[in-house]
Amino acid sequence: MQRLTISIDDELAESFERWAERKGYDNRSEAFRDLLRRELGDEQIQSDPRSPCVATLTYLYDHHERTLSLRLMDMQHDHHDLTVSSMHAHLDHDLCVETVILKGPAGAVRDFANAVLAERGVRQGQLHLVPLHQV
């Protein structure tokens with residue numbers, strides 16, 4: 001393990017200390033390592049569409065929208081190489097939430113998510129990508 005020495009201004013250092021404490025870190029080193037891993041991992045999956053990742057795609061949709069449930073299920077089946085699992089829940093009479101766990105190349109996962117979110121009747125959603133290989 002290498003030791004790095006960095007200099008940062010007092011205000012930034014205090015903000016970092018407060019952030020690390022709120023997040024429950026026992027020490028600054030682990031907090032800094034996690035920030036660095038997250039940033040490098042995000043850069044990796046943004047810059048290389050072949051970079052392997054796991055992801056969750058969560059979206060809300062109106063289950064009364066004609067054939068939407070069937071279209072969404074067909075999309076998952078058509079991308080069975082990316083789709084690991086899905087969970088569906090009814091929020092009220094009209095609104096459903098679905099979370100799909102995906103695994104594969106970041107570009108393909110992102111393309112699949114964009115196609116799902118663009119379907120008529122999908123109200124909103126969010127994709128969360130996590131790199132599989134540590135940088």
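Predicted model: local features only at pLDDT ≥ 70, side-chain atom pairs only at ≥ 80, totals over all residues.
The space inside the largest pocket comes to about 820 Å³.

The lining can be sorted by residue type and by element. By type, 11 of the lining residues are nonpolar, 5 are charged and 2 are polar. By element, two helices each supply at least two residues of the lining: α1, which covers 10–23, and α2, which covers 28–47. Of the elements, α2 gives the most, with 7 residues.

Next comes the protein as a whole. It has 4 helices and 4 strands. Read from the N terminus, these elements follow the order α-α-β-α-β-β-α-β. The protein is more spread out than a compact globule, because its radius of gyration is 19 Å, well over the 14 Å that the globule rule gives for 135 residues. The C-alpha trace spans about 60 × 35 × 20 Å along its principal axes.

The remaining values concern contacts and surface. Take the contacts between residues at least 6 apart in sequence: 66% of them join residues at least 24 apart. Buried residues, those under 20% relative accessible area, make up 27% of the 135 residues of the protein. The accessible surface of the protein comes to about 9,600 Å², and carbon and sulfur atoms account for 51% of that area.

Conventions: Residues numbered from 1 in each chain as written. Heavy atoms only, no water. 1 Å grid on protein atoms, 1.4 Å probe; cavity = no way out; pocket = protein on both sides within 12 Å on 5 of 7 lines; lining within 4 Å. Points joined across faces, edges and corners; volume = space filled by probe spheres on them. Nonpolar A, V, L, I, M, F, W, Y, C, P; charged D, E, K, R; others polar. Rg over C-alpha atoms; globule rule 2.2 N^0.38 Å. Buried < 20%, exposed > 50% of the residue type's maximum accessible area, 1.4 Å probe, protein only. Contact = heavy atoms within 4.5 Å. Areas by Shrake-Rupley, 256 points an atom, 1.4 Å probe, with all protein chains shown as cover.
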